[in-house]
Amino acid sequence: MKYMYYATLYPDCDCIGVKFHDFPNVNTLGKDKIETTKMAKDTLEGYLLSAEDNRIQLPERTNATDIQTKNGESLLAVVVDTSLVLANKKEGC
């Protein structure tokens with residue numbers, strides 16, 4: 001299944017924090033923008049795979065224009081395709 005949800009990136013000490021507007025308990029961080037982007041995708045992917053397995057009802061994605069960011073924060077669209085992850089697991093990757 002393909003998903004796209006927005007994450008807010010924010011400064012957190014010497015790292016960049018990630019919070020998902022639609023999933024308040026799904027958070028991560030990274031040391032730079034590249035690592036943070038990867039961690040955001042991996043974290044959301046893990047949550048969505050678990051939600052699918054447990055048949056958890058997922059919220060509708062909040063529109064980007066409805067998400068307010070503070071000074072120093074930025075919005076990131078995180079795209080996950082759980083069907084690709086499951087196919088790779090079946091192939092032993």
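Let me begin with T28, which has its place in strand 3; helices (H or I, at least four residues) and strands (E, at least two) are DSSP runs, numbered from the N terminus. T28 is buried, with a relative accessible area of 13%. Here buried means under 20% relative accessible area, exposed means over 50%, and partly exposed lies in between, with a 1.4 Å probe and protein chains only. Leaving aside neighbours within four places in sequence, T28 is in contact with I16, G17, V18, M39, A40 and T43, where contact means heavy atoms within 4.5 Å.

A word on the basis of these values. This is a predicted model, in which local features need pLDDT of at least 70 and side-chain atom pairs count only at pLDDT 80 or more, while totals for chains, interfaces and linings use all residues. Residues are numbered from 1 along each chain as its sequence is written, and side-chain values use heavy atoms, with hydrogens and water left out.

I turn to the overall architecture. The protein has 2 helices and 4 strands, and along the sequence they follow the pattern β-β-β-α-β-α. The radius of gyration is 14 Å, close to the 12 Å that the globule rule gives for 93 residues, so the protein is as compact as a globular protein of that length. That radius is taken over C-alpha atoms, and the globule rule is 2.2 Å times the number of residues to the power 0.38. Along the principal axes, the C-alpha trace spans about 45 × 25 × 20 Å. Of the 93 residues, 35% count as buried. Among contacts between residues at least 6 apart in sequence, 60% join residues at least 24 apart.

Next, the strand pairing. Two strands pair if DSSP finds at least two bridges between them. Strand 1 and strand 2 pair in the antiparallel sense over 6 bridges. These two strands form a hairpin with 2 residues between them, and C13 in the turn has a positive phi of about 55°. Within this pairing, D12 stands opposite C15 in strand 2, and the bridge partner of Y10 in strand 2 is G17.

Which residue of strand 3 is the bridge partner of G17? That partner is L29. Strand 2 (residues 15–20) and strand 3 (residues 23–30) run antiparallel and are joined by 5 bridges. They too form a hairpin, with 2 residues between them. K19 stands opposite N27 in strand 3. The charged end of K19 also sits over the ring of Y10, 5.3 Å from its centre; the criterion is NZ of Lys or CZ of Arg within 6 Å of the ring centre and within 35 degrees of the ring normal.

Strand 1 has a further partner in strand 4: these two pair in the antiparallel sense over 8 bridges. There, L9 stands opposite S74 in strand 4.

Now the interior. In soluble globular proteins, nonpolar side chains tend to be buried together. The largest nonpolar core here has 17 residues, and those with the most contacts inside it are Y5, F20, F23, L44, L48, L58 and V78. Strand 1 (2–12), strand 2, strand 3, helix 1 (33–53) and strand 4 (74–81) each supply at least two residues of this core. By a nonpolar core I mean a set of buried Ala, Val, Leu, Ile, Met, Phe, Trp, Tyr and Cys residues joined through side-chain atoms within 4.5 Å. V78 touches Y3, M4, Y5, A7, F20, A40, K41 and L44, not counting residues up to four places away in sequence.

Finally, the aromatic rings. A search of the whole structure finds 2 aromatic pairs. The rings of Y5 and F23 have their centres 4.7 Å apart and their planes at 70°, so this pair is edge-to-face. Y5 lies in strand 1 and F23 in strand 3, so the pair ties together parts that are 18 residues apart in sequence. F23 and Y47 form a tilted pair, 5.0 Å centre to centre and with 55° between the planes. This pair links F23 in strand 3 to Y47 in helix 1, 24 residues apart. Rings of Phe, Tyr and Trp (its six-membered ring) pair if their centres lie within 6.5 Å; planes under 30 degrees apart count as stacked, over 60 as edge-to-face and the rest as tilted.

Are the members of this group buried or partly exposed? F23 is buried, with a relative accessible area of 5%, whereas Y47 is partly exposed, at 29%. Y5 is buried, as is F23. Ring pairs link Y5, F23 and Y47 into a cluster.
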